[in-house]
Amino acid sequence: METMHFGFRFDNSYARLPKSLFTIVNPAQVREPAIVIFNDNLAKGLGLDTSALKTNLGAAILVGNVIPKESSPLAQAYAGHQFGHFTILGDGRAILLGEQLTPSGKRYDLQFKGSGRTPYSRGGDGKATLGPMLREYLISEAMHGLNIPTTRSLSVCTTGEMVLREEKLPGAVLTRVAKSHLRVGTFQYAATLQTTDELKLLADYAIERHYPNALQEEHKYLGLLREVIRSQAVLVAKWMLVGFIHGVMNTDNVTISGETIDYGPCAFMDIFDPATVFSSIDRQGRYAYANQPMIANWNLARFADSLLPLLDPVEEIAVKLAEDELKQFSNVYDQHYLDGMRRKLGLIGANPEDTSLIRDLLHLMYEHQADYTNTFLALTFARYNQSKLTQSENFESWLQRWKERLSKNPSGPDAVQKIMKTNNPAVIPRNHRVEEALRQAVQNGDLKPLRKLLDVLKDPFAHSGQQREYAKPPDPSATPYRTFCGT
């Protein structure tokens with residue numbers, strides 16, 4: 001079919017890689033496609049025709065019933081360490097429609113989730129249900145608003161079919177947008193099952209697509225490793241600063257581009273507790289909030305393992321090169337986390353006491369079961385009478401230390417508050433608000449709560465009156481909040 005009417009400009013570079021890395025497959029046909037939600041701003045940035053895509057024919061394209069002429073649908077092969085255990089995986093319910101070139105020349109993957117079985121489905125039906133797809137749309141847009149690198153969602157469409165999980169649920173297809181879907185697991189797959197030449201082609205492709213500066217280095221594959229380590233260290237620091245818990249940090253969910261991917265069992269922390277786990281399947285707390293930096297480093301070590309044949313023909317030398325690069329993860333992460341915390345507290349410049357000031361505040365928050373996001377808001381706006389924490393004697397002592405540190409800033413109170421307002425979100429996707437919006441959308445077909453929440457989260461640093469209501473933490477509950485993968 002003619003694609004220019006919809007604004008598609010596909011150039012499918014991944015399809016030119018060795019055929020062992022993917023399988024050509026078309027999405028399953030669905031009965032009655034209908035758009036539930038569509039991301040106009042994202043579509044415009046991609047150079048797509050929003051009016052054309054929001055028609056019946058557009059809906060047929062967005063579920064895979066109609067394939068644009070220049071696209072090249074395929075399912076990607078990859079492997080992964082899932083909760084520490086290595087396994088061969090692949091796109092079991094996802095199909096890469098193609099790579100869109102934007103008017104500014106940038107390249108983005110357009111991928112369907114919930115588009116039917118592939119050779120990698122491993123007994124699954126390859127389908128998705130409406131609730132988890134709306135959840136990914138909502139959380140990914142919230143992350144974008146928080147200025148955290150993330151895949152995004154172009155649309156969610158229902159299929160007119162029911163999908164059997166614990167119960168029958170409405171089927172849906174999400175169109176995900178990403179800089180690419182290259183993962184640590186993609187390299188693990190190539191290193192485990194393919195030749196060194198094919199691994200080299202994949203690495204060259206990743207460098208060209210994401211880190212072309214590595215071509216200027218004496219050792220481009222070492223440069224690739226260095227760049228991926230840095231991008232992941234910065235990403236996880238950003239997660240930690242807003243209390244985000246990914247929930248399933250398997251190596252197949254670690255992107256080479258440094259974007260957050262896979263919004264299954266993720267959630268945002270309310271009460272500060274480093275041991276917080278939301279995922280129903282993470283029974284040992286492997287991916288708890290405080291473990292995320294350590295797990296990221298472990299995942300990157302698996303990436304380094306896969307690159308060893310390219311780093312040096314002598315294994316001992318290759319291992320030493322990789323280990324030296326991996327040591328930099330903690331340095332990059334610590335610096336970005338510390339600098340981010342300084343901004344959250346309005347601290348300008350660096351002072352030796354900053355680390356203990358931050359550590360002691362977090363300890364007080366844990367001790368008094370304080371809300372993570374709202375504690376920083378209280379400091380931003382000097383609201384010191386709203387929680388057990390801010391009314392405690394220990395907090396009074398800490399507050400004096402903080403004010404003394406602020407007095408060493410070169411700028412006055414107005415500049416401090418401006419820094420804090422732009423680094424402490426007024427609102428996050430509170431878990432109870434997310435569940436409320438999804439419940440209304442799925443059970444009652446009412447999208448108003450979801451759209452309202454999306455609007456509130458669009459600019460979390462606006463500090464508007466509308467956001468104040470959504471900043472309230474949930475009522476205390478005897479049952480801890482749990483999230484599920486949605487597969």
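Contact means heavy atoms within 4.5 Å. The model is predicted: local features need pLDDT of at least 70, side-chain atom pairs count only at pLDDT 80 or more, and totals for chains, interfaces and linings use all residues. Residues are numbered from 1 along each chain as its sequence is written, and side-chain values use heavy atoms, without hydrogens and water.

Q: Which residues of helix 11 meet helix 10?
A: Helices (H or I, at least four residues) and strands (E, at least two) are DSSP runs, numbered from the N terminus. Helix 10 spans residues 328–344, and helix 11 spans residues 354–367. Helix 10 brings Y337, L338, M341 and R342. Their partners in helix 11 are D354, T355, I358 and L362.

Q: Are helix 10 and helix 11 roughly parallel or roughly perpendicular?
A: Axes are lines fitted to C-alpha atoms, for helices over the stretch in contact, and angles run from 0 to 180 degrees between N-to-C directions. The axes of helix 10 and helix 11 lie 11 Å apart, at an angle of about 75 degrees. Angles under 35 degrees count as roughly parallel, over 145 as roughly antiparallel, 65 to 115 as roughly perpendicular and the rest as oblique. Helix 10 and helix 11 are therefore roughly perpendicular.

Q: Is R342 buried or exposed?
A: R342 sits in helix 10. Buried means under 20% relative accessible area, exposed over 50%, and partly exposed in between (1.4 Å probe, protein chains only). The relative accessibility of R342 is 8%, so this residue counts as buried.

Q: Is helix 11 roughly parallel or roughly antiparallel to helix 13?
A: Helix 13 covers residues 393–406. The axes of helix 11 and helix 13 come within 11 Å and cross at roughly 155 degrees. That angle makes the pair roughly antiparallel.

Q: Which residues of helix 13 make the contact with helix 11?
A: D354, S356, L357, D360, L361, L364 and E367 supply the helix 11 side. The helix 13 side is N394, F395, W398, R401, W402 and R405.

Q: Which residues does A370 touch, not counting those up to four places away in sequence?
A: A370 lies in the loop between helix 11 and helix 12 (372–380). Its relative accessible area is 5%, so A370 is buried. With residues up to four places away in sequence not counted, A370 touches D270, I271, F272, M365, T375 and L389.

Q: What is the phi of N147?
A: N147 is in the loop between helix 4 (130–145) and strand 9 (152–164). At 53% relative accessibility, N147 counts as exposed. Most residues other than glycine have a negative phi. The phi of N147 is positive, near 65 degrees.

Q: What is the phi of D262?
A: D262 is found in the loop between strand 11 (244–245) and strand 12 (267–268). D262 is a residue other than glycine with a positive phi, near 75 degrees.

Q: Which elements do the buried residues of helix 3 pack against?
A: Helix 3 (residues 56–63) is mostly covered, with six of its eight residues buried. The buried residues are G58, A59, A60, I61, L62 and V63. They pack against strand 2 (34–38), helix 2 (50–53), strand 7 (107–113), strand 9 and strand 10 (168–178).
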